[in-house]
Structure formats: C-alpha cells, structure tokens
Amino acid sequence: MASWISSAYDYYLSTYGSQQTSRYDSHRKEDLRNTVNRIKILNKESPLYKIRISKDVQKFAIDIKESTRNIKNIVAAFSETEDGIGAAFYKKIASSSDEDVATAEYIGDHSSFTTSEGFEIEVHQLATPQTNIGNFLKKEAHDFLPGSYSFDLNMNTHSYEFQYNINVGDTNEEILRKIARLVNNSHIGLKADVLNGTQNMAALRLESRQTGLGPRENAIFQIIPENTPDSREAMHILGIDAVAAEAENASFLLNGTKHSSADNTFTINNSFSVTLNGVSKKNKPVQIGFKPGAEVVADDIQTLVDSFNSIIQIAEKHSGTKQSNEKLLKDMGNISKTFSSDLSSLGMSVSDNGAITIDRTKLSKSIVSKQADKNLSVINRFKDVIGQKADEASLDPMNYVCKVLVTYKNPDPSKNLICPYITSVYAGMMVDRIC
C-alpha cells in the first residue's frame, strides 16, 4: 500500500511541485463550507463504485485535478471585473523591443502613467558575481595528508569557519567534492562545484550568488586558512583563496544618462522592474514601453486557450486506455465545438478533438473592430463555461476514471443517506488503496 501512496506523491511533486501558488488558491471559510456542501449533495446522487488503482490512473487523476485548478485560477483572474477579459484594455503591461537585452514588468499604479510613456536603456555591462577557482589537481592523486583542517570565509557582514577532515586514502577529487558539499550545505550565499579539466584534472570553484559591489566593498568574500602550517599548506594546494573573476556592477545608459547597479534586476521610479539579460549592440538602445491594449487582451485570450488545450491534451493522452472513460475528452471537446462558429469569426479554429488554435492577427483585429463588445462577449461566455466545467471536474476528478459500478445511488430520496467519501477517492488514493 505504501508504494501506491509514494508513487502518487512522487508524481505530484516531480510534475507540479515547483509550480507557484496563485492567490486564487486561498479560500475563505465560507468558500470551503460551500465546497463541503456541494460534495454532500453530489454524494447523495452518486452510486458506489470501485476503481482499479494503478500508477496510470493516479497520474490521470492528478493531471485532471491540477489542470482544472489552473483553469479555475485563470478564469478567476479574468472575472474580477464586469468587463471580464475586456478589462485587459485598461491594464498596463510593459514590453521590451529586445528581451535578450532587457525585460521589464510594470509594478506601478495603473493610473499613474499614460500608455505613451516609456524609456530607453542601453546596456554596456551586466552585473557579475565573484568567482574563485582553485588549482587543478590530479583526481586520483593523494596530495593532502590525513588530518583536520579549517579556513575562514569572510563576507561583508559575517565570518564563517569551515572545518573538514581528510581521511587515509581520500583522493583529491573526493576532498574537492567534500568541501563543495560543505559550502553548499551551509547556505551562506555561495555555490560550489567541481570543474573537470583535461588529463583527468579537477578544481574547486566557488561563486557568489550576489552580484556587484557596494560603494565601500572590495570583494564579496575572502577565504583565509587557519593560521597553522597544515591548514596553510592545504590551502596552498587547494588554491581557492585566489579570485578568478571579481564582482562587477552593471553599467547602462537610461535615456542617455549613465547609471550602475549591483544587481541585474532593479526598479525605476517605483513603476518598472527591469531585468538586464545581455549587452546591447553599439548605439542600439532597447525601448521599454507598454503593450497596446489589443495585444494585452490577445495575450489573455491565448493564456485561457492554452489552459483549455492542456486539459484536452491530457484527455486525449489517456483516451482509449484502461484508466479513462472518455468522458473528459467528450465534455471538454463539446464546449469548444458548441462555440465553434462564434470563435471562428474571431480567428479561433476548433479541431476535431476540441483543441483551439488562434490566428493572432485576425484575433487582434476582431477585438478592436466595431463589433469588439460582441466579440469579447463571446470570449467571456466561453470563459465562464470553461470555468464551470473545470470547477465540476476539480471537485470530482475520479468521475473521469474507469470504474466498476457496485451499487446504484440511494433509491429513497426521502431518507437523507450520505456517504461523504465517494468524491474523496482522489484524496484517498494518496492514503489508501481502493481495491
């Protein structure tokens, strides 16, 4: 049984564990109470069934749960105002003429700038970290004597002492990897790794996560061996006290005026968060401005369609297998096919399986045409139907899994008989094996 629980969690964490949590994943007490009441009502109408649990069934259920959660969050974000997706006309989304050099995000008040305002930036140099690279040593050689050694690693505000032991038979490579683990596990803002050189040689590299230097700083970190002959000799062999590349600040022109920054990400006038990604071509500054309203709306529609297509892909992936009852593909495909005619006039074509492709040029024209309100109304209705169906699927993802009917629902509606765990099979598969 433990293996079934473990496989479900392993798949969830490896596939979805790194996703950021949306603010729409937080719920008030009344929202949770409403969900519980909906489950009770659903359970009253639900038959008793058995599910043949397997790794594929677990993956299918988790994929449904997470993809529908994503759709619900996107729909919620686009439903905060009466204008729905059309509200994007009033959003300010920063754009860059060359994202390989610089990207920007507008973080200011949406009423504080007009869409015509912006600036230009010419990047001369990126902010860089400090890097220390030790001596290249023969991997299988034994250049260190067994014993205990230590060194101090001094940073601007803190000093750390690192102690390490060398045992009889330890090779140079084993010692380098031991010190690298020691530094990485300390979580002090440095990353360490072992470089492989030619002729079976290796060296230890230390690099700061911080970039650039403050006004009174000469280095981000310094390495000093303990003041004993053995530690000084070990450091002489290691060579990690030598700076290979000094930290440098970013240098750039902002509207023709020279500036510098210790970090490659910084804010301008508390309105733009700018990230430098590369160096500009000579005399070719990057233009930072705002996306046109129609382009922002088109981006939002693309996001909605991508989330819808993702669940179509999940349904099609499991179609015809032992874990799917085909209901997911049918339910989701029917939504887009119902809207097919209206979506087609907006540059959105529906395929045989229900997936949607977008002609961005035609879509952009449709949302700035004289019939823009009507066209956006179609998108908003489509959004609402998707959200409703995703909400239902999220509540009971096991509804789309192949199962064996055991007993029908309660035949006497006058008796309030509730089995509260039927729709909780999704959670149960991570706790117990159904059959």
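Residues are numbered from 1 along each chain as its sequence is written, and side-chain values use heavy atoms, with hydrogens and water left out. Because the model is predicted, local features need pLDDT of at least 70 and side-chain atom pairs count only at pLDDT 80 or more, whereas totals for chains, interfaces and linings use all residues.

Strands are DSSP runs of E with at least two residues, helices are runs of H or I with at least four, and both are numbered from the N terminus. Two strands pair if DSSP finds at least two bridges between them. With these terms in hand, the sheets can be read. An open sheet is formed by 3 strands in the order β3-β16-β15, with antiparallel pairing. Because β3 (102–106) and β15 (265–268) stand at the edges with a single partner strand each, one side of each is left without a neighbour in the sheet. Neighbouring strands here are turned by 25° against each other on average, direction ignored; the axes behind such angles are lines fitted to C-alpha atoms, and angles run from 0 to 180 degrees between N-to-C directions. Between β15 and β16 (residues 272–276) there are 4 bridges, and Ile 268 stands opposite Phe 272.

Strand β10 (residues 201–211) pairs antiparallel with β5 (residues 129–133) over 4 bridges, with β6 (residues 137–138) over 2 bridges, and with β9 (residues 190–196) over 7 bridges. In β10, Leu 206 faces Asn 132, while Ala 202 is the bridge partner of Leu 137 and also stands opposite Asn 196. The hairpin of β9 and β10 has 4 residues between the strands, and Gln 199 takes a positive phi near 55° there.

A salt bridge is a side-chain nitrogen of Lys or Arg within 4 Å of a carboxyl oxygen of Asp or Glu, and the whole structure holds 13 of them. Asp 193 and Arg 205 meet in one, at 2.6 Å from N to O. Asp 193 lies in β9 and Arg 205 in β10, so this pair ties together parts 12 residues apart in sequence. Another joins Asp 391 to Arg 38, with the closest N and O atoms 2.7 Å apart. Since Asp 391 belongs to helix α10 (residues 372–395) and Arg 38 to helix α2 (residues 29–44), the parts tied together are 353 residues apart in sequence. Lys 389 forms a salt bridge with Glu 392 at 3.1 Å, and salt bridges with shared partners join Lys 327, Asp 331, Lys 389 and Glu 392 into one network.
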